[in-house]
Amino acid sequence: MTELLDLGPHAGFILTCHAITLATIGGLFFVIDHTKLGIAFRAISHNPFAAEVCGLNLRSVHVFSWVVAAILGVVGALLIVPTTFLSSTTVAAFMLQAFAAAVVGGFASLPGALVGGILIGVFMNLFTFYVSPEFSSTFLLVVILLALNIFPNGVLARAGGSRV
């Protein structure tokens, strides 16, 4: 039973990465769902003209969203670099995985993106273990095509019409 729980020599680092990731996701959820800034983000992404008419400063919200995206990118890179050799050619593989997770989860749903990331991670590891690591990019492209055909709005999209 202890072999199942053994994380190896880097157990502390792995647990720290998971804790930082959960804290980052939780903070992002909190900001988007429970603050005025999150309401501004959602309003501007839904209808920029109406948000500007209501008095929101589009430029400041856009600048802040780019700053948040840059910070999240740095946090992600800092968590990846100690365990993976990162070069200009490996970035494309990470970007393809992230894009596949966003497509599977849905671009408009933060919980969907989290579910999509978990699904892509699990299926990617299973595919590379049982089939071949050389075809991982091909696998991701097939998953993207299937997800766009079967779940065009993501796996957590609500069925039914829109509210008017």
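The model is predicted, so local features need pLDDT of at least 70 and side-chain atom pairs count only at pLDDT 80 or more, while totals for chains, interfaces and linings use all residues. Residues are numbered from 1 along each chain as its sequence is written, and side-chain values use heavy atoms, with hydrogens and water left out.

The protein chain has 8 helices and 0 strands. Here helices (H or I, at least four residues) and strands (E, at least two) are DSSP runs, numbered from the N terminus. Read from that end, the order of elements is α-α-α-α-α-α-α-α. Along the principal axes, the C-alpha atoms fill a box of roughly 55 × 35 × 35 Å. Of the 164 residues in the protein chain, 19% are buried; buried means under 20% relative accessible area, exposed over 50%, and partly exposed in between, with a 1.4 Å probe and protein chains only. Among contacts with a separation of 6 or more, 47% join residues 24 or more positions apart, where contact means heavy atoms within 4.5 Å.

Two packed helices are described by the angle between their axes and the distance between the axes. Helix α3 (residues 36–46) packs against helix α5 (residues 58–80) at an angle of about 105°, and their axes are 10 Å apart. That makes α3 roughly perpendicular to α5. The axes are lines fitted to C-alpha atoms, for helices over the stretch in contact, and angles run from 0 to 180 degrees between N-to-C directions. Angles under 35 degrees count as roughly parallel, over 145 as roughly antiparallel, 65 to 115 as roughly perpendicular and the rest as oblique. On the α3 side the contact is made by L37, A40, F41 and I44, and on the α5 side by L58, V61, H62, F64 and S65. By class, this contact has 7 nonpolar, 2 polar and no charged residues. Ala, Val, Leu, Ile, Met, Phe, Trp, Tyr, Cys and Pro count as nonpolar, Asp, Glu, Lys and Arg as charged, and the others, Gly among them, as polar.

N57 counts as partly exposed because its relative accessibility is 46%. N57 and I44 are 13 residues apart in sequence, and their C-alpha atoms are 9.3 Å apart in space.

The second largest pocket holds about 210 Å³ of space. On a 1 Å grid over the protein atoms alone, a pocket is an open set of points with protein on both sides within 12 Å along at least five of seven lines, and lining residues have an atom within 4 Å of a point. Grid points are joined across faces, edges and corners, and a volume is the space filled by probe spheres set on the points. The lining consists of V104, L119, I120, F123, F139, V143, L146, A147, I150, F151 and V155. Both α7 (110–130) and α8 (136–150) supply at least two residues of this lining, and α8 gives the most, with 5 residues. The lining divides into 11 nonpolar, no polar and no charged residues.

S136 also lies in α8. S136 is buried because its relative accessible area is 15%. Not counting residues up to four places away in sequence, S136 touches M124, F127 and T128.

At the other end of the chain, P9 is found in the loop between α1 (2–5) and α2. With 79% relative accessibility, P9 counts as exposed. F13 is placed in helix α2 (residues 11–34) and is partly exposed, with a relative accessible area of 30%. Leaving aside neighbours within four places in sequence, F13 is in contact with L79, P82 and T83.

Conventions: On a 1 Å grid over the protein atoms alone, a cavity is a set of points where a 1.4 Å probe fits but cannot get out, and a pocket is an open set with protein on both sides within 12 Å along at least five of seven lines; lining residues have an atom within 4 Å of a point.
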